[in-house]
Amino acid sequence: KSAFFQIILKPPALQTVNSSQKSKTNLSLFYVFSYRKIILFTNEEAQYLISLEKVLKDPLLEVDLTQKKNRIYLISPNERNYEFFIEVTANHKISFKTTLHHQEALTNIGLLRVDFKGTHQNPAEINNFVPEELKPYVGKWFTINEPHMHFYVEGYKPLAWAIPLKLNEFGINEDYSNIQISDLLLTFARKINVTSIIKIHDSLF
């Protein structure tokens, strides 16, 4: 068994970033088109959304990882217009995904994902927005034994690009013999800047 983790960012209403928000967040482009149901943003904006401080909406929440599905609702003290949740779902691989969700535009856009025991192939072509750290992995095929981290890159479908994951970032042995889903969840939560203490019941493993 394994698990799928997804974090959703959910603005309460259709909007564009106004001038005061741009000044506060250093966002340059954030377009929301209700009619076409499209959200476009830059690599920098994706990183900003990932780095936002997030706390539990319900400070008393306890996560039961023996269940097939869990949702952990989060808010950002610095951006009250945004709401998040981490979704935990049992799957054939272990995946932690951070997603931007705009309810009015009916759109989900992945920002960050970490995969264990999953396969993936990067795009075969590079555009002007691909970061230098990703370029050596153009067209790379990741096997089931190659943990990897996906990134949002402008001009590609969400999370189309990935790089090898350093296992020590998540405290995992190369043979996966010490995987604990609760530890992975807490590590991923820290990576997306969840500052609340998350109480967890028994792991799926």
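These legends describe an overview and several close-up views of one predicted model.

Local features are given where pLDDT is at least 70 and side-chain atom pairs at pLDDT 80 or more, while totals for chains, interfaces and linings use all residues. Residues are numbered from 1 along each chain as its sequence is written, and side-chain values use heavy atoms, without hydrogens or water.

**View 1. Overview of the chain, with three helices and 14 strands.** Helices (H or I, at least four residues) and strands (E, at least two) are DSSP runs, numbered from the N terminus. The chain has 205 residues, and 49% of them count as buried. Buried means under 20% relative accessible area, exposed over 50%, and partly exposed in between, with a 1.4 Å probe and protein chains only. Of the contacts (heavy atoms within 4.5 Å) between residues at least 6 apart in sequence, 61% join residues at least 24 apart.

**View 2. Helix α3, residues 181-191.** Buried residues in this helix include Ile181, Leu184, Leu185 and Phe188. Ser182, Thr187 and Ala189 are also buried. An α-helix has 3.6 residues a turn, so residues three or four places apart point the same way. After α3 comes Asn193, with a positive phi near 70°.

**View 3. The stacked rings of Phe41 and Tyr152.** The whole structure holds two aromatic pairs. Rings of Phe, Tyr and Trp (its six-membered ring) pair if their centres lie within 6.5 Å; planes under 30 degrees apart count as stacked, over 60 as edge-to-face and the rest as tilted. The ring centres of Phe41 and Tyr152 are 4.4 Å apart and the planes are at 20°, so this pair is stacked. Phe41 belongs to strand β3 (residues 38-41) and Tyr152 to the loop between β12 and β13, so the pair links parts of the chain 111 residues apart. Both residues are buried, Phe41 at 4% relative accessible area and Tyr152 at 11%.

**View 4. The loop between β12 (148-151) and β13 (161-164), with Gly155.** Gly155 is exposed, at 71% relative accessible area. From Gly155 to Phe41 the C-alpha distance is 9.9 Å, although 114 residues separate them in sequence.

**View 5. The salt bridge of Asp115 and Arg113.** A salt bridge is a side-chain nitrogen of Lys or Arg within 4 Å of a carboxyl oxygen of Asp or Glu. Three are found in the whole structure. Here the N to O distance is 3.0 Å. Asp115 is buried at 0% relative accessibility, and Arg113 is buried at 14%.

**View 6. The salt bridge of Lys135 and Glu132.** Nitrogen and oxygen are 2.7 Å apart. Lys135 is partly exposed at 30% relative accessible area, whereas Glu132 is exposed at 58%.

**View 7. Lys140 with Glu146 and Phe142.** Lys140 meets Glu146 in a salt bridge, with 3.2 Å from N to O. Glu146 is partly exposed at 25%, and Lys140 is partly exposed at 23%. The charged end of Lys140 also sits over the ring of Phe142, 5.0 Å from its centre. A charge sits over a ring if NZ of Lys or CZ of Arg is within 6 Å of the ring centre and within 35 degrees of the ring normal.
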